[in-house]
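Here are a few notes from going through the side chains and the pocket.

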Amino acid sequence: MTTTKKINHGSVKLTRENITQGRLGEKIRSISGSDKVLSQKELINERRKIIPDDGIGEDIYIFAYGSLLWNPTVDYEEQFLAKVYGFHRSFCMKTNLGRGSFENPGLMLALDNGGSCRGSAFRLNRNDAIKNIDILFKREMVTGAYKPKLIKTKLENNKNVLSLAFTVDKKHKNYFAKKSTSIKAKMIFKAHGFLGTCQEYFDNTLESLEELAIKDFEMRAISSYLKKFNKKL
């Protein structure tokens, strides 16, 4: 099963070209008080901690559970329904930048500890897998907010593979531990930044999950609140 691909509506488009040319990092640097942007050397060193330059000796998959479902910005060979164990999808990372501001922080998805998560696994071509992973690191790890990991992943055909996934760093200052659905919905409803509104991010992700027939109870609960908020406008 595939998902419809989309591009964000913000002033900075999250495209492969903009990422590789460093425009995402440039925009973040231009915002007063923003987090440090990792250099290309630092990003490669972070990637090498889990994936060496010559790969891992087998196909590498990317596990998509949020915006990668609808805007992967990497080249891949196949897309599979997939499931990982020991982590669940959660709006647990605060953002003051791309989808939020210091006045109205937004919330982004990450994989938090516990449970399981269904999403998609993108199989990369071995010939350019490292190139595409470095592009992904330049996008997801631009400020080093996630903890990238290789996670055991079960594909829809019951094949077990290793996939690269971006998990939350609970020690990071942007980790958002509150579980209140209403608080999360209010933050998502109010937040916007140079990548667009936080609700656009939410809506596009929910649409992708529905295309994959994946039910996410937190997202459905947040969606109910967002519908109420939008009715009041």
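1. Phe-229 comes out buried in this predicted model, because its relative accessible area is 15% and the cut-off for buried is under 20%. Tyr-225 has 31% relative accessible area, so that one is partly exposed. Both residues sit in helix α7 (residues 217–231), 4 residues apart, or about one turn of the helix.

2. How are the rings of Tyr-225 and Phe-229 arranged, by centres and planes? A pair of aromatic rings is described by the distance of the centres and the angle of the planes. The whole structure holds 9 aromatic pairs. For Tyr-225 and Phe-229 the centres are 6.2 Å apart and the planes meet at 40 degrees, so the pair goes down as tilted. That follows because stacked needs planes under 30 degrees apart and edge-to-face needs over 60.

3. Tyr-225 has a charged neighbour to look at, too: Lys-228 lies over the face of its ring, 5.5 Å from the ring centre. Elsewhere, ring pairs tie Phe-91, Tyr-201 and Phe-202 together as a cluster.

4. Now over to Asp-35, which is in the loop between α2 (23–29) and α3 (40–48). Is Asp-35 buried or exposed? Its relative accessible area is 16%, so Asp-35 is buried. Its side chain has a polar contact of 2.8 Å with the side chain of Lys-173. Leaving aside residues up to four places away in sequence, Asp-35 touches Ile-28, Thr-143, His-172, Lys-173 and Asn-174.

5. Arg-48 belongs to helix α3. With a relative accessibility of 43%, Arg-48 is partly exposed. What does the side chain of Arg-48 make a polar contact with? The partner is the side chain of Asp-53, at 2.9 Å. Arg-48 and Asp-134 are also worth a look: they are 86 residues apart in sequence, with 9.8 Å between their C-alpha atoms.

6. Last, the largest pocket, with about 160 Å³ of space. Its lining is made up of His-88, Arg-89, Ser-116, Cys-117, Arg-118, Ile-214, Lys-215, Asp-216, Phe-217 and Glu-218. Which elements give two or more residues to that lining? They are β2 (78–95), β3 (106–123) and α7. Of these, β3 gives the most, with 3 residues.

Definitions and conventions
Residues are numbered from 1 along each chain as its sequence is written. This is a predicted model: local features need pLDDT of at least 70, side-chain atom pairs count only at pLDDT 80 or more; totals for chains, interfaces and linings use all residues. Side-chain values use heavy atoms; hydrogens and water are left out. Buried means under 20% relative accessible area, exposed over 50%, partly exposed in between (1.4 Å probe, protein chains only). A polar contact is a pair of N or O atoms within 3.5 Å; within protein, one must be able to donate a hydrogen and the other to accept it, and residues adjacent in sequence count only if both atoms are side-chain atoms. Contact means heavy atoms within 4.5 Å. Rings of Phe, Tyr and Trp (its six-membered ring) pair if their centres lie within 6.5 Å; planes under 30 degrees apart count as stacked, over 60 as edge-to-face and the rest as tilted. A charge sits over a ring if NZ of Lys or CZ of Arg is within 6 Å of the ring centre and within 35 degrees of the ring normal. On a 1 Å grid over the protein atoms alone, a cavity is a set of points where a 1.4 Å probe fits but cannot get out, and a pocket is an open set with protein on both sides within 12 Å along at least five of seven lines; lining residues have an atom within 4 Å of a point. Grid points are joined across faces, edges and corners, and a volume is the space filled by probe spheres set on the points.
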